[in-house]
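Morning, everyone. Please bring the model up on your screens, and we will walk through it together.

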Amino acid sequence: MYDGQAPTPGEVATAAPARPVRLAPLKDGLPPEKRALAQHLRQLFLVLGIGVRRLAARQFIDPSSVTRYLNGERVPPWDFVTRIIEDVEKARAAPLTPEARAALWELHRAALKSNRHSSEMQALQDRLAEADEETRRITTRQRALEEALLDREGRLAKVRGRCRNLEAQLEEQRLAHRGEVELWRGEYARLQEESGDLQEQVIYLQEALAVTRAELIAAEDRCHRLESRLETLQALGEGEQDDDERPSIVAMLEEADRRSSVPELVRAVGDLELRTRKAMASELVRSAGQSRTVEEVAGLLSALRRAGFDTHAQTALPAMLMVRSVDDTSALARELFRDGLEEYVVILVQASVRFHQPEDLADFALALHRAGLPEHAEGLLGAAAVVRSVPDLVSVTLTLAGGELDGAVVTAMSAAAAQRPVSDLVTLSLTLRDVRLSRYADVLQRAVAAGRSASDVAEFLRALSHHGLERDAETVFALTQDRSIGHLIPLVQALRDGRAWSVLSRAGRCRPVDDVAVLISELHMAGRHQFAANLLVLTVRSRPVDQIEQLLDLLGGMAPGLEAVMRTAARILTPAECAALLTWLEHHGLDAPAEAIFRCAVHDELAGQAGLFLAALAEAGSRCAGRDVLCRHASSMEVPTLAHLMLALESASLTGQLDAVITDRYLHGPVVDVALLVKRLGSTSGVGPRAERVQRRVLDHMVRARSCADQAALVGALQAAGLGALADLLVTEALKAHGRQFKDHLTRERTKHEQKVMSRAFWVSDRPRPRRRDRRAQTGGTAEDDL
C-alpha cells in the first residue's frame, strides 16, 4: 500500500499498528457502504498506533465523534479522512498511492449517498470549495491584470509625453523655419523671373550670334575670293575674268531673298554642312523662310526633310512664326500638314504657345481651325490653358468666346481644371466671373468636381467659400458627390466641416447598398466611428427590409465584421438612438442583429447607460425588454454580467423584469451562487444606493421563496464572503418572516461543526484500556473487534 504499488479495489492499508488498540466490533445492520468505509478507516487508524482521544485531539473534534466515525454510525467529512491519510503517510514515511486514495474517495461518496442529508451537505461543501478555488484564481488573475494595466498605463504616459515633446519641438522648428521658407520662396520667385528674362536674352543672343557668325563667314569668304582673284590677276595678268567659284555666302543669302530655287537652296545647305557651317545653314533656311511664299517655304522644308536636313528645318520654324503673319503661319501649317509634316505643325503650335501674345495666340488658333486643322487648334488652346498665366488665358477666352472655337475653349477649361494648381483655378474662377464669362467658370468648376482628387476638391471648396463664392462651392460640392465610392471615402476624410456628414447622409439615402456597406466598413477601419454608426442608423431607418438584410450580410463579410460594427454603434450612439436602432431592426424581423445590439449595449456600457437603454426599449415596446427575453439572456450570463444587468434594470425602474430575473436564476440554485451574486453587486458599482437596493431585493426574494435551511446556509455564506451587514439584515428579515423555525435552522447551521462539550466522551480520559491478550488468543479476534 505504501511502497508505490497500485492497490487492489477496496484495499487501503496492510501494515500492522505500532501498538494494539481496542476497537469495538461493527454493529450489524449497517449499510454496506458505511461498513466498507468504517473498515478502511479502522485499518488506517490502526496503522497510526494511537488512541481515539489522541486522534480526536489531533483533529480538534470530540472523541465521541471519532468513535462514531470508526464504528460506521456517522459518515465523517472528507477533511477528516484526508487528515488521517496525512498522519499515516507521516508515520510510515511513504505516500498513499493515488489508486488507494481514489478508492477511499469512492467509498466516502458511496457512504454519503446512503444518507441524503449528508450527501447534500458534502455536495454543497464541494461546490463551495470549487467556488472558493475559482475565486482565488480570479483574484490572482485580477492582480496580474491590474499590475499589467499599471505598467502599460505608465508606459503609455511616457510615450505620450515623448510625443508631446516631439510635437512641441516640431512646432518650434516649423515656426523657426517658416520665416526662412517665406524668404527663400520669395527668392525662388525672383530667380524664376530672372531665369525667364535670361532665357529670352539667351534666345535673342543666340539669334544675334548666328547672324554674326554668318556675316563673319561671308566676310571671310569674300576675303578669300578677293585674294584668289588677286593672285589670278597677278599670275595671268588679266584685267578681269569671270568668277568660276561657288557663290559666296552673302550671295547665297541675297539669292535666297530673291530668286534661288528650292533645289539650289538645298544644295547650298548641303554644301555648308560639308564645310561644317551648320549655323550658317540654319540661317540660310530661316532667311529663305522669312521672304519666300508659303508654298515655297513648305516645299523647302519638305525638301530639307527628304534630304536629311531635318534639324535646320525645325530650327527655322520658330523664327518664321515670329516674323510672319498669323495668316501666313496658319497657311504654312496647312501646307505642312498636307505634305505629311505634322510634327512641323506641332512645332509651330508649341512656338505659338511660348511666344505669341494672347491676341495673336487666339487668332492663330482661329486660323488653324479655318485652315482645316481643328485638332491642332484645340491642342493649342489646351496647352495655353495649362501653361500660360491666368490673365493670358482670360484674354484668349474673351477673344474666342461664343465664336467658332467655343467648344475648343470649353475643352481648354477642362484641361486647365485637370492640371493647374488649385490656387490658379480659384483665381481663374473669380476672374471669369468678373469679366462675365460665367459659363466657362461653370465648366471649369464642373471639371474640378469630376476629375480632381478628394483633397484638391476639399481645398477648392474651402478657397471658393473663403473668397465669397458660396454658391459655386455648393455646386461643386453637389457635383463631386456623384463620383465613385472610392472618391467619397477620402473626400469625407478631407472635409473638416459639416459637409462630411452631408456626403454620408446623401450616400445613405441614394447610393446602392454595396456602396453604403463599403462606406461603413472603411469609416470604421479609419477610426471615424461616429460617422459609421450614424450612417448605419440612417440606412436602417430609410431603406426597405430587403436592402437592410443585404447591408447586414455585406457588413458581416467585410472587415471588421458585423459584430464589431454593432458593438461600436452601441458604444457611440446615445442610449435612445441605440434603442431606436434595435427597435427598427426588430420591427423588420431582423432578430439576430437586434440581439447583437442588445448584447453589446448591455454588456459593454456602464450600468446607468445600460439602464437608459433598457428604459428606452421598454417605452418603445421592444420584445428585448420583456421578461421572457431578459430571463433567457440572464440564464447564460456569468455572474459579473448578470450583476451588471440587474443594476441596469434597477436603474431603469424595471422592477418586474428584475424580479423575474432573480426568480428564474436563483429560486432553486445553490445559496453559494446567491452569495457570489450579492458580493459581485457590491463590487460592480461600489457600495452605493443602487447596489444596496438590488442586494436587498435579492435577499427579500430569498426570504420569501427559499426554505429556512437555505436561508440559514445563506447567512453563513454571506458571513464567509465578508458581507456581515447583509448577513445580519437577512437574519432580521428571516426572523420576522419565519420566527422560531428559522432560528432553529440558523442555530444548527452555526453549531454543526462544533464539538459537543456536554457529551460523556468529551470528558473521558484518553488512557488505553487493559489489553485482553488471552481473550483474543482464545477467540482468534483482532484489534478491529475491540471497542
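Let's start with phenylalanine 60. Its relative accessible area is 69%, so phenylalanine 60 is exposed. The terms work like this: buried means under 20% relative accessible area, exposed means over 50%, and partly exposed is in between, with a 1.4 Å probe and protein chains only. Phenylalanine 60 sits in the loop between α2 and α3. Its phi is positive, about 60°, although phenylalanine 60 is not a glycine. Most residues other than glycine have a negative phi.

A quick word on the source. This is a predicted model, where local features need pLDDT of at least 70, side-chain atom pairs count only at pLDDT 80 or more, and totals for chains, interfaces and linings use all residues. Residues are numbered from 1 along each chain as its sequence is written, and side-chain values use heavy atoms, with hydrogens and water left out.

Serine 653 is another residue to look at. Its phi is positive too, near 60°, and serine 653 is not a glycine. Look for serine 653 in the loop between α32 (639-651) and α33 (655-666). Serine 653 counts as exposed because its relative accessibility is 57%.

Now the overall picture. The protein has 40 helices and zero strands. Both are DSSP runs, numbered from the N terminus: helices are H or I with at least four residues, strands are E with at least two. Of the 787 residues, 43% count as buried. Take the contacts with a separation of 6 or more: residues 24 or more positions apart account for 70% of them. Contact means heavy atoms within 4.5 Å.

Back to the helices on either side of phenylalanine 60. How do α2 and α3 pack? Helix α2 (residues 52-59) and helix α3 (residues 63-71) meet at an angle of about 110°, and their axes are 8 Å apart. So α2 is roughly perpendicular to α3. Axes are lines fitted to C-alpha atoms, for helices over the stretch in contact, and angles run from 0 to 180 degrees between N-to-C directions. Under 35 degrees counts as roughly parallel, over 145 as roughly antiparallel, 65 to 115 as roughly perpendicular, and the rest as oblique. From α2, the contact uses Val52, Arg53, Leu55 and Ala56; from α3, Pro63, Val66, Thr67 and Leu70. Those residues split into six nonpolar, one polar and one charged. Here Ala, Val, Leu, Ile, Met, Phe, Trp, Tyr, Cys and Pro count as nonpolar, Asp, Glu, Lys and Arg as charged, and the others, Gly among them, as polar.

Next pair. Helix α25 (residues 529-542) and helix α26 (residues 545-557) pack at about 150°, with axes 9 Å apart. That makes α25 roughly antiparallel to α26. Leu536, Thr539 and Val540 of α25 meet Ile548, Leu551 and Leu555 of α26. The tally for this contact is five nonpolar, one polar and no charged.

What about arginine 511, buried or exposed? Arginine 511 counts as buried, because its relative accessibility is 14%. It lies in the loop between α23 (499-510) and α24 (513-525). Leaving out residues up to four places away in sequence, arginine 511 touches several residues, including Asp482, Leu488 and Arg543.

Last, the cysteines. Cysteine 163 is partly exposed, at 38% relative accessibility. Cysteine 708 is buried, at 7%. How many disulfides does a search of the whole structure find? Zero, where a disulfide is a pair of cysteine sulfur atoms within 2.5 Å.
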